[in-house]
Amino acid sequence: MSADLTWLLVKDNSSFLVKRNGVQFTTEPNNLTNLNSFKYSGLANTKAFGISANPSGKGVVLSTKKQAVSASKPAKSSQRVAISGSSRRAARAIVNATARSGYRADLRKAALGRLSAILAAQKPKKVTKKAGRETLRK
């Protein structure tokens, strides 16, 4: 099925669709911005990729859609690669895997934004010590 026909079928009626305050969002996999549009759709596009947090808590998982898999095997239609290490290494890997290889160069900025948001959420929070009664009396 073509990408345009798939988008016409899923754009208004999808189990992933979330409508709030006049804006349509989506929770579908491989959608970098969670906006309900053809450009970012992970279901309709034949070349789609997504970035999610690694279940171990460190690093991210880059998932890309395979081209030559039949529609009858959706579990085998995506390839997942775990990327760990520094944030610069992860950013370079995402740019090389997607934008520079010509896979989806138009999604580079959205992919880097998603990466930085995930990595910022994984950083440990700074613990500040509250002032006790002894320090207040001095």
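Is Asn34 buried, exposed or partly exposed? In this predicted model, Asn34 is partly exposed, because its relative accessible area is 27%, a value that falls between the 20% and 50% limits.

## Loop residues with positive phi

Asn34 lies in the loop that connects E2 with strand E3 (49–53). Its phi is positive, about 60°, although Asn34 is not a glycine. As a general rule, most residues other than glycine have a negative phi.

Asn21 also has a positive phi, of about 50°, and is likewise not a glycine. This residue sits in the loop between strand E1 (17–20) and strand E2 (23–26). Asn21 counts as exposed because its relative accessibility is 81%, and the threshold for that class is over 50%.

## Domain arrangement

The domain assignment of the chain gives domain 1, covering 1–45, and domain 2, covering 49–122. Ten residues from domain 1 and eleven residues from domain 2 take part in the contact. Between the C-alpha centres of domain 1 and domain 2 there is a distance of 19 Å.

## Helix H1

Helix H1 spans residues 3–10 and includes Leu9. Leu9 is exposed, since its relative accessible area is 54%. Along the chain, Leu9 and Ser72 are 63 residues apart, and their C-alpha atoms are separated by 18 Å.

Thr6 is found in helix H1 as well. In contrast to Leu9, which is exposed, Thr6 counts as buried because its relative accessibility is 18%, and buried means under 20%. Leaving aside residues up to four places away in sequence, Thr6 touches Met1, Leu43 and Ala44.

## Ser63 in strand E4

Strand E4, made up of residues 60–65, contains Ser63. With a relative accessibility of 11%, Ser63 counts as buried. The side chain of Ser63 makes a polar contact with the side chain of Asn30, at 2.8 Å.

Asn30 is also among the residues that Ser63 touches when those up to four places away in sequence are not counted.

## The largest cavity

How many cavities of 30 Å³ or more does the structure hold? There is one cavity of 30 Å³ or more. The largest cavity contains about 40 Å³ of space.

The lining of the largest cavity consists of Trp7, Val10, Ser14, Thr26, Glu28, Asn36 and Ser41. By class, these lining residues comprise two nonpolar, four polar and one charged.

## The second largest pocket

Which helix contributes the largest share of the lining of the second largest pocket? Helix H3 (residues 108–122) does, supplying four residues. The space in the second largest pocket amounts to about 170 Å³.

The residues lining the second largest pocket are Lys58, Gly59, Ser84, Gly85, Ser86, Ser87, Ser116, Leu119, Ala120, Gln122 and Lys123. Seven residues of the lining of the second largest pocket are polar, two are nonpolar and two are charged.

Note on methods
Residues numbered from 1 in each chain as written. Predicted model: local features only at pLDDT ≥ 70, side-chain atom pairs only at ≥ 80, totals over all residues. Heavy atoms only, no water. 1 Å grid on protein atoms, 1.4 Å probe; cavity = no way out; pocket = protein on both sides within 12 Å on 5 of 7 lines; lining within 4 Å. Points joined across faces, edges and corners; volume = space filled by probe spheres on them. Helix = DSSP H or I, 4+ residues; strand = E, 2+ residues; numbered from the N terminus. Nonpolar A, V, L, I, M, F, W, Y, C, P; charged D, E, K, R; others polar. Buried < 20%, exposed > 50% of the residue type's maximum accessible area, 1.4 Å probe, protein only. Polar contact = N/O pair within 3.5 Å; in protein donor to acceptor, adjacent residues only side chain to side chain. Contact = heavy atoms within 4.5 Å. Domains from an automatic or database assignment.
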